[in-house]
2 protein chains.
Amino acid sequence: MNKEVLIVGLGLIGGSYAKRLKSKGYKVYAISRSKETIEYAINEGIIDYGDTNVSKEFVSRFDLIVFGLYPHVLLDWLNEYKDYIKDGAVITDVTGVKKEIVYKVDEILKDKNVSFVGSHPMAGREVYGIKNSKEDLFIGSNFIITPIESTNPRAIDVIKELGLDLGFKNISILSPEEHDSMIAYLSQLTHLIAVALMTAQDKTHLEKYTGDSFRDLTRIANINEDMWSELFFLNKEELIKQIDLFIDELNNIKELIKNDKIEELKDKMRLSTERRKHFNKGE
Amino acid sequence: MNKEVLIVGLGLIGGSYAKRLKSKGYKVYAISRSKETIEYAINEGIIDYGDTNVSKEFVSRFDLIVFGLYPHVLLDWLNEYKDYIKDGAVITDVTGVKKEIVYKVDEILKDKNVSFVGSHPMAGREVYGIKNSKEDLFIGSNFIITPIESTNPRAIDVIKELGLDLGFKNISILSPEEHDSMIAYLSQLTHLIAVALMTAQDKTHLEKYTGDSFRDLTRIANINEDMWSELFFLNKEELIKQIDLFIDELNNIKELIKNDKIEELKDKMRLSTERRKHFNKGE
């Protein structure tokens with residue numbers, strides 16, 4: 001095995017990609033703006049070599065580049081350095097929204113022989129940075145690839161293989177639009193629910209009375225406001241739709257309770273129990 | 001150590017109480033309607049002795065009785081068998097609502113020299129029955145005791161000591177009304193959110209695209225519809241208030257997104273992150 005990969009951005013996700021790919025035999029290279037991060041990654045054996053500078057000499061060596069950057073940083077980076085990327089290279093991202101990224105990247109790269117394939121690793125932690133990265137973060141998780149009409153089919157295969165090497169269980173293909181609708185519900189809405197649970201009540205000392213369910217629902221209330229606000233606004237329309245959908249259903253359930261509709265309420269719980277069975281990890 | 005306890009009802013909570021108290025040196029006795037449960041509990045060494053019958057001879061031996069029953073079953077049991085309980089005994093429950101229980105039990109026992117102290121162990125699992133019970137279920141968790149004016153202070157101390165023996169970290173005293181308001185928010189609302197997340201969307205195969213956050217928020221969507229509908233209806237008014245409070249806040253957050261109020265949205269996330277720090281277990 002002699003695969004090489006350049007990872008641009010060594011946060012929680014970039015760092016976890018690096019650890020996992022290194023353990024799978026890749027030679028792993030990285031670019032980070034932080035000298036401390038690069039030094040840490042080299043000292044810990046997370047990467048083989050890294051740089052804080054973006055140079056053509058370095059970037060142009062790679063057939064495969066993964067961008068672990070905030071959405072707007074990714075677009076800026078490509079606008080500035082696209083000419084450094086090797087002819088024929090395959091590149092991917094880890095961004096949590098797709099419609100506002102994929103078509104823009106396609107436009108930026110339109111005159112280049114570089115194949116971009118959008119992808120989204122559906123795993124994360126409520127903590128950030130390379131020091132919290134984990135080699136096994138993706139085991140049993142879902143990986144979504146979001147090609148568009150112009151995407152090179154061979155490049156899709158390269159990113160599928162990357163997903164397998166990273167340890168994902170399900171690798172799915174969705175359009176950017178389908179992805180964003182799905183993710184507004186499955187990920188963005190859940191983060192807003194967690195935030196709302198923490199901010200709706202000003203009572204103090206709730207932690208002395210809570211059980212595990214509230215802890216579970218608010219684990220992600222520990223949230224990186226810069227990254228998530230960027231993701232929320234980039235997917236604003238779809239997110240608002242999904243919030244409304246959820247509030248409508250919670251109101252439906254409230255009305256069942258208000259009007260003593262015991263059997264209808266139990267039906268909701270039975271449906272919920274039945275559906276939830278399919279969501280356990282590793283099944 | 002020579003403590004003895006009778007546990008009436010050997011479900012998830014009763015079974016976990018039994019396991020833990022046995023390991024702390026108690027002699028543990030139990031009553032369950034299910035012969036299979038009693039046999040299992042004896043064979044597994046979870047209890048010292050158990051019976052499927054409720055007899056005066058057996059029940060009247062105990063200075064301490066814990067009821068691990070559904071709310072309406074608890075009230076029925078006490079109405080039927082209150083005369084079997086030993087003079088001077090201290091009894092407690094594990095019920096998830098208090099206002100609709102504590103005053104009724106007080107009324108049932110008004111002519112008896114039996115001290116009831118309501119309590120609520122804030123721990124659980126999304127699975128049920130003695131086979132899922134765990135000795136360490138309560139370690140690091142919260143225990144709420146809900147005395148009323150007529151409650152015997154010595155009996156409160158007995159139940160506090162029981163809470164310590166069970167391994168709880170925080171033992172708090174709340175009025176039944178405070179308890180029900182708190183629990184409507186911290187536990188009942190969270191279960192309804194989990195159910196609504198599973199039932200709002202009819203899209204199939206969501207499990208192929210989900211990440212850990214949706215799994216976290218819906219773990220408890222696997223729900224016992226009989227027990228929880230009983231708890232919801234017993235706390236209906238308070239629950240409806242707390243659902244409305246939460247929906248209002250989620251709508252506030254939606255409006256921030258809709259109107260591009262980036263800084264206000266970030267403020268919510270910063271507040272949420274700050275508050276969530278206090279909720280980790282064992283801190």
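Because the model is predicted, local features need pLDDT of at least 70 and side-chain atom pairs count only at pLDDT 80 or more, while totals for chains, interfaces and linings use all residues. For bookkeeping, residues are numbered from 1 along each chain as its sequence is written, chains are lettered from A and ligands numbered from 1 in the order in which they are written, and side-chain values use heavy atoms, with hydrogens and water left out.

**Chain A overall**

- Chain A has 11 helices and eight strands; these are DSSP runs numbered from the N terminus, with helices being H or I of at least four residues and strands being E of at least two.
- A compact globule of 283 residues would have a radius of gyration near 19 Å, and chain A agrees with that at 21 Å. The radius is taken over C-alpha atoms, and the globule rule is 2.2 Å times the number of residues to the power 0.38.
- Along the principal axes, the C-alpha atoms of chain A fill a box of roughly 70 × 45 × 35 Å.
- Of the 283 residues in chain A, 57% are buried; buried means under 20% relative accessible area, exposed means over 50%, and partly exposed is in between (1.4 Å probe, protein chains only).
- Among chain A contacts with a separation of 6 or more, 72% come from residues 24 or more positions apart, where contact means heavy atoms within 4.5 Å.

**Surface and charge of chain A**

- Chain A exposes about 11,600 Å², with carbon and sulfur atoms supplying 45% of it. The areas come from the Shrake-Rupley method with a 1.4 Å probe, and for residues only the protein chains shown count as cover.
- There are 39 positive and 46 negative side chains in chain A, and the centres of the two sets lie 4 Å apart. Lys and Arg count as positive and Asp and Glu as negative, with His and the chain ends not counted; each charge is placed at NZ of Lys, CZ of Arg, CG of Asp or CD of Glu.

**The nonpolar core**

- The largest nonpolar core has 135 residues, and those with the most contacts inside it are Ile193(A), Phe246(A), Trp77(B), Ile193(B) and Phe246(B). Such a core is a set of buried Ala, Val, Leu, Ile, Met, Phe, Trp, Tyr and Cys residues joined through side-chain atoms within 4.5 Å.
- Not counting residues up to four places away in sequence, Trp77(B) touches Val8(B), Val54(B), Val59(B), Phe67(B), Leu69(B), Lys82(B) and Ile85(B).

**Contacts between the chains**

- Ser213(A) is in helix 8 (residues 212–218) of chain A and is buried, at 8% relative accessible area. Beyond four places in sequence, its contacts include Leu186(B), Thr190(B), His191(B) and Arg219(B).
- His191(B) belongs to helix 7 (residues 176–199) of chain B and is buried too, at 7%.
- Thr190(A) lies in helix 7 (residues 176–199) of chain A and is buried, with a relative accessible area of 0%. With neighbours within four places set aside, the contacts of Thr190(A) include Ile220(A), Leu197(B), Ser213(B) and Phe214(B).

**Positive phi in loops**

- Most residues other than glycine have a negative phi.
- Asp260(A), not a glycine, has a positive phi of about 55°. Asp260(A) is in the loop between helix 10 (236–258) and helix 11 (262–276) of chain A, and is partly exposed at 47%.
- His205(B) also has a positive phi, near 65°. His205(B) lies in the loop between helix 7 and helix 8 (212–218) of chain B, and is partly exposed at 45%.

- Lys3(B) is in the segment before strand 1 (4–8) of chain B and is partly exposed at 23%.
- Gly11(B) lies in the loop between strand 1 and helix 1 (12–23) of chain B and is partly exposed at 25%.
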